[in-house]
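Here is a short briefing on one structure. Keep the sequence and the model open while reading.

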Amino acid sequence: MCVKLGLPEYCPQLSFGLFIMPNDPSKPQGNYMQNDLAAAKAGKESFPTDIVSMTVESGWIEFISANNVALRVAFLGPEIARIRYACHGEFQEDFSYAIDDTAEHVAMLPDVEETVDGWKLTTSALTLVVERSPLRVHVLRPDGEPLLVEEKGFHWEDYHEFGGEIVKMSKKLHGNECFYGLGDKSCELNLRSRRLHLWGSDTYGYGKDSDPLYKNIPFYIGLHAGGAYGVFFDNTFRSFFDFGHERETVTSFWAQGGEMNYYLIAGPQPTDVVRRFSWLTGRHELPPLWAMGYHQCKWSYRSEEEFRALGAKFRELEIPCDALYLDIDYMDGFRCFTWNREAFPEPAKMVADLRADGIRTVVIIDPGIKIDPDYPVYTEGKENDYFCRRGDGPLMKGSVWPGECVFPDFTRPDVRDWWAGLFKGLIEDDGVGGVWNDMNEPAVFEMGTFPRDVRHDFDGHPCSHRKAHNIYGMQMVRASCDGVRRFNGGQRPFLITRSAYAGTQRYCSGWTGDNVATWEHLRIANLQCQRLSMSGMSFVGSDIGGFIEQPNGELYVRWLAMGVFHPLCRTHSSGDHGDQEPWSFGERLTKVARKFIELRYRLLPYLYTTFWQHTTHGDPFLRSLFSLDPFDVDTHNRAEEFGVGDHLVVCPISQPKTDGRWLYLPKGNWYDFWNDNPESGKDEVWTPAPLDRIPLFVRAGSVLPMDPVRQSTSHPPAPVRELHVYDGLLVERESVLYDDAGDGYSYKNGEYCLQRFIVAGTEKELKITRTEEGAFSPHYDQFEVVLHGVVSAKISIECDGNRLEPEVRSGGRVFAVTVPRDFAMLTVSK
């Protein structure tokens with residue numbers, strides 16, 4: 001039996017496990033959305049009826065139902081459709097904090113075809129089938145097969161307690177469908193069979209299935225045999241996502257207010273979806289190079305003497321480091337934008353001396369402003385009415401670290417401008433290098449967060465905290481970013497935030513919050529950072545070693561080994577649980593910690609290039625295994641293996657007393673980074689992992705750029721850069737290498753160097769060709785080319801027609817040769 005959904009007909013047996021559509025979606029079908037079950041049983045849910053009109057406007061197509069529900073469909077290119085409903089025919093003013101300026105005004109019209117059952121809106125990437133009776137929207141692939149099919153589709157319930165509507169959407173699940181995304185959730189990567197909740201929360205010591213957490217990114221990826229797609233539900237109210245938890249054949253999402261306003265993003269690959277989502281909501285700015293070095297943090301380094309000694313210890317032990325952090329105890333009574341002059345008598349000199357040794361200082365700033373008539377930030381904010389107020393007019397007051405506080409309304413442009421101006425002292429006068437925004441969910445000790453009646457401007461769209469809560473932290477760090485940028489002398493800003501909404505990546509990096517020093521949390525941190533990267537927020541890391549409690553040395557170095565591959569590499573801890581610097585666990589483990597941090601610095605050319613790929617193309621920095629080979633079902637539920645950039649796969653050790661592990665490699669051929677052993681993909685492999693190793697594999701045919709170790713990215717670099725070339729038989733693969741000044745914005749005016757390497761291998765020959773663009777001259781004038789996997793008793797090498805004599809290493813398994821940086825072709829005859 002086939003049920004018509006317009007054209008063509010849909011047969012369940014041909015639709016990847018789709019179930020037959022209910023004949024009348026206006027009637028409740030089973031136990032739908034447990035929190036609204038009473039409403040469903042009482043028949044209080046409302047649905048669109050039949051479409052009675054369709055109009056084509058300059059930027060969208062609008063459909064009106066007989067009961068005055070309006071649907072607007074707009075395309076932001078062939079691969080992105082915006083689907084927006086108004087329950088009673090009137091749309092709210094169009095406004096979003098999430099959408100990037102470059103995407104805001106992009107629009108195209110699809111081909112529109114009216115059919116017997118409705119309309120088909122077609123682009124080169126997808127077709128939307130709009131059903132006439134009743135109004136529903138389904139999505140087809142270019143070949144006409146179903147990608148996303150509505151079940152009940154759009155419906156709503158009147159929200160009697162607060163007014164407005166609870167807006168809901170339900171869609172059919174494919175039988176083999178998997179789901180990924182939603183930001184920093186701590187559960188397993190595949191969200192199938194879960195219900196999750198977005199309402200930013202201060203979740204100290206959260207666990208494996210704690211929910212909600214700090215960040216609010218209402219974006220997920222669906223993956224089934226028909227390919228991948230993305231859904232971005234741009235609604236800032238408290239929202240929920242159900243991936244077959246209540247009914248195993250249905251996925252749904254809903255919010256306690258606002259509009260049903262979502263973007264459908266076509267694949268077919270998961271990385272295609274992430275690239276398009278990052279275009280829609282904006283990408284991280286290219287960070288200063290020092291921000292990708294090793295960072296050390298603790299709650300708290302309590303004096304100038306202790307802080308200076310910390311920097312000196314890194315240099316004494318020759319452990320590379322680029323940034324040290326000051327938590328709330330550097331302030332005068334926890335008052336933001338002040339210094340405790342007894343503990344830090346000369347902050348500007350301290351910061352300058354550390355910077356001269358290649359170490360930046362990063363300081364914390366929280367949103368709570370202490371109520372103190374002698375505190376200029378409080379008095380100025382109060383005089384100008386910059387602080388949030390309750391529904392009936394009193395100031396919103398709550399206790400955080402300084403005691404009773406008030407809180408700026410960061411959704412007001414004038415408040416953001418005022419807040420940005422407060423950074424002059426820290427950034428311009430004292431030379432602070434970066435800012436760390438914490439407690440910005442917002443967290444309040446007595447109540448957890450603001451009461452729901454607190455009012456916000458919402459950039460000229462006044463609302464309650466119900467609507468503004470999930471973007472409060474985003475708007476705080478936006479204002480802080482403006483301040484750092486205003487006073488840092490034209491350098492690239494560096495900020496880090498705990499709370500976020502989609503689009504926050506335009507302003508800062510993020511971390512995963514107050515985790516715990518356990519093996520389970522090491523694994524959780526791995527999954528969270530992957531998930532955030534695949535949710536558009538690539539510049540992320542965890543508190544290495546755990547914030548709460550103290551790890552033993554084994555746990556710390558295993559966590560550090562993973563953390564050096566995360567974009568943000570920072571150890572952070574609660575100092576009252578014990579020390580957690582790299583030398584805190586004895587001399588033997590200090591050597592291991594140094595080795596991994598040195599590996600981070602050795603790999604910085606590759607990691608910085610990977611970040612450039614993200615900022616330029618939207619490629620996720622960390623890539624979950626399912627995204628590396630999405631049509632291999634064995635990757636769909638693998639969680640611990642992840643890709644870093646184009647050419648590396650990492651798999652942390654997540655259990656104690658382990659000297660190796662099994663892991664799954666995606667398709668293709670790979671080399672073990674540590675011993676050059678070749679491995680074939682699409683299979684499980686065992687790899688040894690003593691305490692000073694992490695399972696790490698390099699893709700065959702790739703070029704891996706590396707540098708000699710230096711103690712800081714500010715220290716002079718070596719004149720020779722290494723190119724590690726991994727032979728790939730019958731493979732032609734491109735690798736890229738990006739260089740610029742490492743800070744400032746001259747790269748936007750062409751002052752960069754982008755080199756592309758093509759590696760082509762046969763049984764008899766390996767060729768490496770190089771091309772270059774950009775006006776920047778890198779610090780090195782030679783490459784040391786190191787050849788891995790070339791199986792031959794003797795090889796000959798020519799560079800641009802000149803014969804070279806290779807150095808033989810590792811018992812004949814590795815060959816090395818030095819060539820000019822501007823070489824065009826290197827030929828290796830086996």
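**Briefing**

Strand β25 (residues 403–406) pairs with β24 in the antiparallel sense over 3 bridges. Strands count as paired if DSSP finds at least two bridges between them. Helices (H or I, at least four residues) and strands (E, at least two) are DSSP runs, numbered from the N terminus.

This is a predicted model, in which local features need pLDDT of at least 70 and side-chain atom pairs count only at pLDDT 80 or more, while totals for chains, interfaces and linings use all residues. Residues are numbered from 1 along each chain as its sequence is written, and side-chain values use heavy atoms, with hydrogens and water left out.

**Confidence**

- The protein chain has a mean pLDDT of 94, and 95% of its residues reach 70 or more. pLDDT is the predictor's confidence in each residue, from 0 to 100.
- Residues 1–36 have a pLDDT below 50; beyond near neighbours in sequence, this stretch has 103 contacts in the model. Contact means heavy atoms within 4.5 Å.
- Where pLDDT is low, the predicted coordinates should not be read in detail.

**The β23-β25-β24 sheet**

- The strand order is β23-β25-β24, in an open sheet of 3 strands with antiparallel pairing.
- The edges are β23 (369–370) and β24 (398–400); each has a single partner strand, so one side of each is left without a neighbour in the sheet.
- V400 has G403, in β25, as its bridge partner.
- Strands of a sheet pair through backbone hydrogen bonds, either parallel or antiparallel.

- Strand β5 (residues 111–114) pairs with β6 in the antiparallel sense over 4 bridges. The two form a hairpin with 3 residues between them.
- D111 has T122, in β6, as its bridge partner.
- Strand β7 (residues 127–131) also pairs with β6, in the antiparallel sense and over 5 bridges. The hairpin from β6 to β7 runs through 4 residues.
- K120 is bridged to V129 in β7.
- Strand β6 (residues 118–122) is mostly covered, with 4 of its 5 residues buried. Buried means under 20% relative accessible area, exposed over 50%, partly exposed in between (1.4 Å probe, protein chains only).

**L126, in the β6–β7 loop**

- L126 lies in the loop between β6 and β7. Its relative accessibility is 1%, so L126 counts as buried.
- Leaving aside neighbours within four places in sequence, L126 is in contact with F75, P78, E79, L121, V139, L140, P142, L264 and A266.
- L126 and F642 are 516 residues apart along the chain, and their C-alpha atoms are separated by 29 Å.

- T449 lies in the loop between β26 (434–437) and β27 (455–456).
- Is T449 buried or exposed? T449 is buried, because its relative accessible area is 13%.
- Not counting residues up to four places away in sequence, T449 touches W199, P442, V444, H465 and H469.
- The side chains of T449 and H469 are joined by a polar contact of 3.3 Å. A polar contact is a pair of N or O atoms within 3.5 Å; within protein, one must be able to donate a hydrogen and the other to accept it, and residues adjacent in sequence count only if both atoms are side-chain atoms.

**Helices**

- Helix α10 (residues 519–533) has 15 residues, which at 1.5 Å a residue should span 21 Å; its end C-alpha atoms are 22 Å apart, in agreement. The expected span is 1.5 Å times one less than the number of residues.
- α10 is mostly covered, with 13 of its 15 residues buried.
- In helix α7 (residues 413–421), the buried residues are V415, R416, W418, W419 and A420. Their cover includes β22 (360–365), β23, α6 (376–383) and α9 (465–487).
- D272 lies in helix α3 (residues 270–281). D272 counts as buried, at 16% relative accessibility.
- The side chains of D272 and R275 make a polar contact (2.9 Å).

**Cysteines**

- The structure holds 0 disulfides. A disulfide is a pair of cysteine sulfur atoms within 2.5 Å.
- C187 is in no disulfide; the nearest cysteine sulfur, that of C178, is 13 Å away. C187 is buried, with a relative accessible area of 3%.
- C753 is also in no disulfide; the nearest cysteine sulfur belongs to C799, 16 Å away. C753 is buried, with a relative accessible area of 0%.
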